[in-house]
Amino acid sequence: MNKRLNILHLEDEPDFSELVHTLFEQNRLDAAIKRVGDRASFQQQLETEKFDVIISDYHLPKFTGLEALAMAKKQCPQTPFILVSGTIGEQAAINSLTAGPTDYVLKQQPERLPSAVRRAVREAAERGKLREAELELARRERYFRALTEHSLDIVCIMDREGKLLYSSASIKNVLGYTPEEMRGENVFTRVHAEDLARAREAFQLALDHPERNVKVQVR
């Protein structure tokens, strides 16, 4: 973790916020901590600044950590949110787990906060990479479909047995069947009997040597 973390700390007790700052320094966790103590200030910070982690006290005057969590999920759903509390009843604990904070730390164990923050940031980064990979995959799929759906040539994807997994729309112009109708059919059932052995040989050659441009003409 090389960059300096920008942390929003919802806490009405300045002394505890100072303790958190000291613990971060002792654990060599480079962080800029911005403390707010009420709903309005918290909402303003969510709207005007981007944070790497949000740490929130569970009990605040006229405000709760669960309310803060709901606001954060709406404004910045990908930002890790850590709840901190001194005492919590059974029902409150259930409500907290249901609301889904990233982590929960007791005020009696503040030394857990640095490791909780590190873990939350690491997991958020991993989720971010996964989202980027999924977006890139979706972009490539759109690009592939844009190319194939408007191609005059038939573009097909088959398994190693020759079963059609995908075929472009142009297959209907050639064979008279839609891609949906052809899906799952073995292409070799459409090859003339006299050409079947040659077609299978060319198909196997393409599987064994994908770097080659294998061509075969059949009836």
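**View 1. Asp-52 sits in the loop between helix 2 (39-48) and strand 3 (53-57).** Helices (H or I, at least four residues) and strands (E, at least two) are DSSP runs, numbered from the N terminus. The model is predicted: local features need pLDDT of at least 70, side-chain atom pairs count only at pLDDT 80 or more, and totals for chains, interfaces and linings use all residues. Residues are numbered from 1 along each chain as its sequence is written, and side-chain values use heavy atoms, with hydrogens and water left out.

**View 2. Asp-52 counts as buried, at 18% relative accessibility.** Buried means under 20% relative accessible area (1.4 Å probe, protein chains only). The Asp-52 side chain makes a polar contact with the side chain of Lys-3 (2.7 Å). Such a contact is a pair of N or O atoms within 3.5 Å; within protein, one must be able to donate a hydrogen and the other to accept it, and residues adjacent in sequence count only if both atoms are side-chain atoms. A polar atom of the Asp-52 side chain also lies 2.7 Å from the backbone nitrogen of Asn-6.

**View 3. Helix 1 (residues 14-26) packs with helix 5 (residues 113-149) at an angle of about 70°, axes 9 Å apart.** Axes are lines fitted to C-alpha atoms over the stretch in contact, and angles run from 0 to 180 degrees between N-to-C directions. Helix 1 is therefore roughly perpendicular to helix 5 (65 to 115 degrees). Val-20, Leu-23 and Phe-24 of helix 1 meet Leu-113, Pro-114 and Val-117 of helix 5 (contact: heavy atoms within 4.5 Å).

Notes:
Buried < 20%, exposed > 50% of the residue type's maximum accessible area, 1.4 Å probe, protein only. Parallel < 35°, antiparallel > 145°, perpendicular 65-115°, else oblique.
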